[in-house]
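Let's take a walk through this protein together. Have a look at the chain below, and then we will visit a few places inside it.

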Amino acid sequence: MTKMCQAWASGQGQPRHESQFATQQEQYHSPEYHSYSFDLPANIKKPARKMVQEEMTQRVKSLEQRLKNMQGLAGQKSVAFKVLCMFPDVHLPPGFKTPKFEKYGGHGDPIAHLKRYCNQLRGVGRNEELLMAYFGESLTGVASECFMDQDTSRWYVWDDMAHAFVKQFQYNIDIAPDRISLSNLNKKPTECFSEYAIKWREQVARVKPPMDDHELITVFLQAQEPDYFQNMMSAVGKSFSKAIKIGEMVENGLKTGKIICQAVLKAATQAVQIESDNFSGTNEMDEEIMMTSGSRRGPRRMSQRYGQPRLFSNNSLEHYYPP
């Protein structure tokens, strides 16, 4: 303590303890001191630089994968499950078995197909997500392709999807056959009568409102050609199956010649009429030629026989008229 006071009095300042001075020197020359003093900024910047490098690496890999997908899959954006699956968050209930759906290919009434589909999945009626997820399984052909191209983000409930489906195939309802179109649906020359009748009856099922049996037979007879129409009048008041039997009998009669075909009869009548007209024209032409030639010779002959004065021996003029 006395030394400290003397040193302070002589202007040398407060003396330091040797042990304290040695400790500071050791701390200064130690690697931990220099590492803390000079390496601290580098340790702070190193994690940020590493994150930037990793992010750049991930971006490069993502671009490479996109190029591979475009080259190998003809422009397909991704083959990930969440991208390909239209309803990736729908979970199947325990024990659920996918029914065998009746396929819809874009032809026919879309509302009728919705009814069939809902009847097949009536056990999961409250799970609208499941109804929407499995609806694609009931489609085929053009209908399936159109369904896969739809934006499912606009479908929140079943009604949204059902309305979009009906709107897509509404033209099938608009062009549905009616009574007038059925009366104009004639039999083709290449098909037999039974095939034609079955095809005609299938179209009747699409008519709204439905036709009763009497109206069905009436419209069916109106659609027949003259050969069948005049020989199938006995089908009035009978069932459609009986009408088909009568039509097949008429078809057989036309083939065997037991029933005269109206077209053949008309052609034969026209041929006879043409021949008659030609014969009549030939006679008229002959008469005209005879009259023309007679008119040229007639006056000269008449002048010699009638009304010409003749000179007799007594030099008197007399008119000669033959007896």
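**A pocket, a core and a buried asparagine**

Twelve residues, written 12 in the count, line the largest pocket, and nearest its centre lie Cys-85, Phe-87, Ala-133, Tyr-134 and Glu-137. A pocket is an open set of points on a 1 Å grid over the protein atoms alone, where a 1.4 Å probe fits, with protein on both sides within 12 Å along at least five of seven lines; lining residues have an atom within 4 Å of a point. This is a predicted model, in which local features need pLDDT of at least 70 and side-chain atom pairs count only at pLDDT 80 or more, while totals for chains, interfaces and linings use all residues. Residues are numbered from 1 along each chain as its sequence is written, and side-chain values use heavy atoms, leaving out hydrogens and water.

Helix 7 and helix 8 are the elements that each give two or more residues to the lining of the largest pocket (helices are DSSP runs of H or I, at least four residues, numbered from the N terminus).

Of its 23 residues, Tyr-117, Phe-135, Trp-158 and Phe-165 touch the most other members. Helix 9 gives the largest share, five residues.

Finally, is Asn-172 buried or exposed? Asn-172 lies in helix 10 (residues 171-174), and it counts as buried because its relative accessibility is 6% (buried means under 20% relative accessible area, exposed over 50%, with a 1.4 Å probe and protein chains only).

Note on methods:
A nonpolar core is a set of buried Ala, Val, Leu, Ile, Met, Phe, Trp, Tyr and Cys residues joined through side-chain atoms within 4.5 Å.
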